[in-house]
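Subject: Structure handover

Hello,

Here is the structure for you to look over. My notes on it follow below.

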Amino acid sequence: DDSDLYVDHTIPFSLAVLGGTSPVETIDQTLQLKIRPGTASGTLVRLRGEGVPHIRGGGKGDLYVRIIVTVPEKVSSEQRKLLEQLQKQGL
């Protein structure tokens, strides 16, 4: 979109819940994107100045990163028990 770029970035369920960092590729470099605890799938994060250079100079557009949270298809019995405990607590 003009000088702005949009990219989907997949992160695991555990990172979305607990927070942390995840490497994201920009045009020039790899940055560590900060993921806040409780990040929902579809969240849009703006990285200022990481888009395409403006045609007439004067900086760059922005990079918008859409967070896509992956949910595991299979879990171990131990993981299932832990998830059931969280569910009982309303999480």
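**Salt bridges**

Asp-62 and Arg-46 form a salt bridge, with their closest N and O atoms 2.8 Å apart. The pair links distant parts of the chain: Asp-62 sits in the loop between β4 and β5, Arg-46 in strand β4, 16 residues apart. Salt bridge here means a side-chain nitrogen of Lys or Arg within 4 Å of a carboxyl oxygen of Asp or Glu. Helices (H or I, at least four residues) and strands (E, at least two) are DSSP runs, numbered from the N terminus.

A word on the source. This is a predicted model, in which local features need pLDDT of at least 70 and side-chain atom pairs count only at pLDDT 80 or more, while totals for chains, interfaces and linings use all residues. Residues are numbered from 1 along each chain as its sequence is written, and side-chain values use heavy atoms, with hydrogens and water left out.

The whole structure holds 4 salt bridges. Another of them joins the side chains of Lys-60 and Asp-28, at 2.2 Å from N to O. Lys-60 lies in the loop between β4 and β5, and Asp-28 in the loop between β2 (20–25) and β3 (30–35), so this pair ties together parts 32 residues apart in sequence. Lys-60 is partly exposed, because its relative accessible area is 29%. Asp-28 is exposed, at 53%. The cut-offs are: buried under 20% relative accessible area, exposed over 50%, partly exposed in between (1.4 Å probe, protein chains only).

**Around Asp-62**

Is Asp-62 buried or exposed? Asp-62 counts as buried, because its relative accessibility is 9%.

Tyr-6 belongs to strand β1 (residues 5–12). Tyr-6 and Asp-62 are 56 residues apart along the chain, yet their C-alpha atoms are separated by 8.6 Å. Tyr-6 is partly exposed, at 45% relative accessibility.

**Helix α2**

α2 has 12 residues. From first C-alpha to last it reaches 16 Å, close to the 16 Å expected. The expected span is 1.5 Å times one less than the number of residues. Arg-80 and Glu-84 form a salt bridge, the closest N and O atoms being 3.3 Å apart. Both lie in α2, 4 residues apart, about one turn of the helix. Glu-84 is partly exposed, at 33% relative accessibility. After α2 comes Gly-90, with a positive phi near 85°.

**The largest pocket**

The largest pocket has a volume of about 460 Å³. Of its 15 lining residues, Phe-13, Gln-79, Leu-82, Leu-83 and Leu-86 are the closest to its centre. Which elements give two or more residues to the lining? They are α1 (13–18) and α2 (77–88). α2 gives the most, with 7 residues. The lining divides into 10 nonpolar, 3 polar and 2 charged residues.

A pocket is an open set of points on a 1 Å grid over the protein atoms alone, where a 1.4 Å probe fits, with protein on both sides within 12 Å along at least five of seven lines; lining residues have an atom within 4 Å of a point. Volume is the space filled by probe spheres set on the points, which are joined across faces, edges and corners. Ala, Val, Leu, Ile, Met, Phe, Trp, Tyr, Cys and Pro count as nonpolar, Asp, Glu, Lys and Arg as charged, and the others, Gly among them, as polar.

Best wishes
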